[in-house]
Amino acid sequence: MTKTGEILIEQVTKSYGPVNAVDNLDLTIEGGSYCCMIGPSGCGKSTLLRMIAGHETPTTGTINIGGNDVTNLRTGKRGTAMMFQSYALFPHLSLTDNVAFSLKLNKVGKAERKERGREMLDRVQLLHLADRLPSELSGGQQQRVALARALITNPQVLLLDEPLSALDEFLRLKMRVELKRLQNDLGITFVHVTHTQPEAIALADQVVVMDHGVVEQTAAPREIYDQPHSPYIARFMGGQNVISGMVDSNNAEGTVIIDEAGNHYAAKCADNLNAGDEAKFAVRRDRIRISTQADGHENALTGKVTDLEYQGTFVKVSIETWGRDEFIVHLPDDVFFDSPLENGQMVTAHWNSNQNFHLLGTNDSTGNPAEDHG
Amino acid sequence: MTSSTRGLTFYFLVSFFVLFVAFLYGPMLIIFVLSFQGQHGGLTFPMRGVSTHWFSDLFTSSRYGDLGGALSRSLILGVASMAITVVACLFAGLAFRKRFVGSGIIFYLAITSLVVPGILLGLGLGQLFQIVGIRLNWFTSGLAAHLSWTLPFGLLIMFAVLNRFDGAWEEAARDAGASHWQTLKLVTIPILFPGLIAVSLFGFTLSYDEMPRSLLTVGADNTLPIEIANMTSNVTTPALYAIGTVTSFISFAVIGLAFLAIMVIQKRRA
């Protein structure tokens, strides 16, 4: 049985000339869940959202919402409502008329329209501005109106296209909480496109990470963050170091990997890896400790400190390595200030071998510089 | 602000723009003043008294040909050009947003047609109508000539207007369940309305005082600019100035109304 608000995307491709913005994509979004789609610009996340909304039609493939094939159904008739990045409030209509716009289309009487429009505005705490025009509102208020306008149609699915990107940091965090609360209250499916990793992780029940028109990994936020499928996911979601090397031995006791600099690492890799194969694994930045003596740690690498950045609860330490990836360690502030480091100092980073997570996926692209969000 | 912060440059620029405006409105002002020439006054200064004699002379005397007819023809042409221009340019502008194949070439061709000398265009248009077998008439070939002038201009303004139009408004309307027609009626046209008034204004005024394209296309009955041009060689009284004042007043009234409408709409939205 299909649940209300469940979205089934099957083999969907969207081509613009020779370019496939979305490429033979399969995805299931559970009804009543909060789903965040994330990826670098041009990865196809917005195109996918617009196809779910009906603003674009797939070149091939089908989209099914709540058990109905809506692939070619008109937008506005498929149980979805969209909140636009620019909010797209109608500048010539009062807030009440903006919110009640869809009621007018459905030939609802003027008095009822007004009443229901005002009710909805009350829900987003803007009733006192009901007769104002959108241009008289702040960004955060405009966003609430856009939300009210979308929700008045009682959609099964609310589609949000980078809804928080136009707000300042303070408002963004505030609205983030409100969105999550609203989704909990309404129990409908939210599909939220974002390019901000912390936003996706904080909000979502299900995170969909995209790259080049395909879904690279979809899972709960903790799994995405902790057990990335590929080097791309590890780098893009942030908080990880990606190390690559050659398999030296692989047996029941574990895998030994040697990197270009000759460092040895112990990990638990897939059984089908043989000696001589290339292997990549991820280590969380906050699970690494730093020592000033290069003593015999099992998982360790030595390098020069190139940058120190104080982040409040932790200090971000960058270490120069052989590979293309920066090696970054997040040291808790108390640990760091017990024995502070200096730029240019030679240090050894070491960690427990059970922190090494083998990356099965082959997508090795760098994604966006995600360090800032680490 | 103290005078020390306003250097020589400031006064130079102010003087320049005072001269600039005087240059623009001076000639009109002279005609305006002379149109109130006394009954026994002539075409030049000095004024021999002040009267409205030449205005009443204009509307009662038969010396000036079919001035009333020319005025009404010009007004009808102006309104017709305005209506066709605003509708055609709205839909052309909306079509051009789709970036169809060849849209760039069509746009540049439309704009380039503005530099074709009007008199030549009128000549060609007259020939075309005769080849097709339609008699030259102010409302057929004349209207066509006016549209050849107002449509490209209107399109140019429409492009500027649409530049500030966010396509997401239309998508939001469709998302709420609006059909294409409902979107156009309830969202696109109301939002574009001030811009459409500007297009209408240009449509009317460009047609109202158009002459080169009209000369060879209006057939037997003249429009007002042609009639006035003829008067300058026949009429030797200040009635000539009176007609200038009257037509200028009509133009200003139309522009004033248009600006008022835009201001009222903008104020309601601001």
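Of the 270 residues in chain B, 31% are buried, where buried means that 20 or more other C-beta atoms lie within 10 Å of the residue's own, exposed means 12 or fewer, and partly exposed is in between, with C-beta atoms placed from the backbone. This is a predicted model, in which local features need pLDDT of at least 70, side-chain atom pairs count only at pLDDT 80 or more, and totals for chains, interfaces and linings use all residues. Residues are numbered from 1 along each chain as its sequence is written, and chains are lettered from A and ligands numbered from 1 in the order in which they are written.

Chain B has 11 helices and zero strands; helices (H or I, at least four residues) and strands (E, at least two) are DSSP runs numbered from the N terminus. Its C-alpha atoms fill a box of roughly 70 × 70 × 30 Å along the principal axes. Two residues are in contact if their C-beta atoms, placed from the backbone, lie within 7 Å. Among contacts in chain B between residues at least 6 apart in sequence, 75% join residues at least 24 apart.

Where the chains meet, 20 residues of chain A and 16 residues of chain B take part. On the chain B side, the elements giving two or more residues are α7 (167–175) and α8 (180–208). The most come from α7(B), with six residues.

The largest nonpolar core has 125 residues, and A:Met37, A:Leu159 and A:Val191 have the most contacts inside it. A nonpolar core is a set of buried Ala, Val, Leu, Ile, Met, Phe, Trp, Tyr and Cys residues joined through C-beta atoms within 7 Å. Its largest share, 11 residues, comes from α8(B). The residues that A:Val191 touches include A:Ile29, A:Cys35, A:Met37 and A:Leu159, leaving aside residues up to four places away in sequence. Another core, of 14 residues, lies apart from the largest one and has B:Leu34 and B:Leu224 among its members.

In helix α6(A), the buried residues are A:Arg176, A:Leu179 and A:Gln183. Seen down the helix axis, these fall within an arc of 65°, so they line one face of α6(A); the arc is that of the directions from the helix axis to the C-beta atoms. Their cover includes β3 (34–38), β8 (189–194) and α7 (197–203) of chain A. On the other side of α6(A), the exposed residues include A:Phe170, A:Val177 and A:Arg181. Just after α6(A), A:Gly187 takes a positive phi of about 70°.
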